[in-house]
Amino acid sequence: MRARRLLAVPGLVLAAVLVAGCSTSGGSGNEPSPSAADTGQGAFVVAAAVDPIALDPAVVTDPDSLRITRQIFETLVTLPDKPAAASPAPSPTATARSASAATQADVTTVAPGLATEWAASRQGRTYTLTLREGVTFQDGTPFGPAAVCANFDRWYTLSGRAAAPDVSAVYQEVFGGFIDQASRYQGCTELGPHQVRIDLATPMPGLLTELTRPQFGIQSPTAMADNGAYATGGDPRTTSYATAHPTGTGPFRFGAWEPGVQVVLLRNPDYWGQKAAVERVLVKTVNDPKARGEQLVKGKIDAYDQVTALETASLTADPKAGVRIERRAAGDLTYLGLDKDSTALADPRIRKAVALAIDPAAIVARTMPKGSTVANSLLPDDQGTRTYPYDPNQARRLLAEAGATNLKLRIGYPSGVQQGYLPAPEDLYVVVAEQLKAVGITAEPVAMSWPAFLQMLGGEGTRPDLHLMGVAMQTPEPSSLVSQLLAGGPQEFGLPSTSSELAGLLSQPAGAGRDAAVAAAQKQLLEDPVLVPLAHPVSVVALGPRVRDERIGPYGADRWTSIRVTG
């Protein structure tokens, strides 16, 4: 049998198969290896459907990577624990000053992170941030203005594979381009020992909300420089930094990564804030959903995310097992994407027929977790009239008008993975294929691995005619979800450049102007159509009986600091 490759930090030796960790002092770098028999209180064991893509948050978009990087890295500002009121007041622990009422509304909907105060000026073209004092990175590098500017400048100068849409998608969405392109980012200036200024080429009233996204976690410049993060050749997701030395300021530090088995996180004893209650976290890769459920009931794991509808029923069937189910509000979007460049879909009547053939109510009933809702538009709070209501008869008429007989369409979807926005892709394919067949369209499955599927959506290789995908609601701002879809428009849907629409969306302050830009973007995507909204799925988390004091955050922003395990 071929040996598994082990990626680890110096001083941490792991057994070939790691299951749970024992309680140690944490952070010394020479903790004893966990063993198969060790299930002490010091370890919180989480199951994931797939491996993370990488542990450098700047170059990933997948939830399985970001779930881990959120524990290692911190952003300058965060989302508040409770949603802000319609006319929010500044936090007593953070000052937010700006040049206009509209910008004021934007900057006060965030909470302190690595920055404690902020001010916007020039209608959102300049942001001045006061940084938290007494913070160090997990490698001992001081946190301060130099580190913040090093991170911004690294994002701005990404090149080669790192600048591909499927790698640094979020930076490109928010800032528009890199140093050799038109970019909304102009520069970062150190103003003193604890203050920086971010300058933009155009107004971005919602910048601070965007900076809460995990891709903007601040990373140690020393660790990045020492471990290949600045290298311009090759894939940035396979560097020593991204796989074995991710270094932030968060409550957990990287321990080890054994691909196909697990990622180990260790308690950061020098964390500036509330220190983690557990000594370590083990994120085990368990591909089979049935196996994840069985391991939870047997106490071999403590929690897992992206629980499917069928699993929820089986997990709670025996009350004695002590399994608890927690649900996040339905904010994500599951959709059917159409490739406008596809020869089979070149006639807009065929694209409209595909949209009319889809019955989202049946899809929600058969494939989505309890509590999920039909998506009539892109946004969960916008449940107006569906652009193309389910009408199979009209779909058949349009196909006949277009002369589309014996039409075959290839449908791409990821296999062996569940995401909050795509809970059961194989089941979803079956239902969509049945609905298309009912109007005379034959579906052909194109099942792909998760990494290959993401690469395809980023413009690598040949796109199938249709694909099943979703998008996560990472912030409470509706424009953020829409901008994610616009940013990927050319690569994912075959749209012409969407840069001007995206710039217009991001330049609008909160209020009527931004609402109008969101509506225009939705119209562009839905009327053509290149996207058919299917569902707003509820994200379900299953917790075992040992877990106490968990905090299930909105937008997938779970932090494991407060979690305790008993027994």
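How much space lies in the second largest cavity? The second largest cavity holds about 70 Å³ of space, in a predicted model whose local features need pLDDT of at least 70, whose side-chain atom pairs count only at pLDDT 80 or more, and whose totals for chains, interfaces and linings use all residues. Residues are numbered from 1 along each chain as its sequence is written, and side-chain values use heavy atoms, with hydrogens and water left out.

A cavity is a set of points, on a 1 Å grid over the protein atoms alone, where a 1.4 Å probe fits but cannot get out, and its lining residues have an atom within 4 Å of a point. Grid points are joined across faces, edges and corners, and a volume is the space filled by probe spheres set on the points. The structure holds six cavities of 30 Å³ or more.

The largest cavity is lined by 15 residues, of which Phe 44, Ala 303, Val 541, Asp 558 and Trp 560 are the closest to its centre. Strands (DSSP runs of E, at least two residues, numbered from the N terminus) contribute here, since S2 (43-48), S13 (303-305) and S21 (539-543) each give two or more residues to this lining.

Among the residues that line the second largest cavity are Asn 376, Arg 386, Thr 387 and Tyr 388.

Terms used. On a 1 Å grid over the protein atoms alone, a cavity is a set of points where a 1.4 Å probe fits but cannot get out, and a pocket is an open set with protein on both sides within 12 Å along at least five of seven lines; lining residues have an atom within 4 Å of a point. Helices (H or I, at least four residues) and strands (E, at least two) are DSSP runs, numbered from the N terminus.
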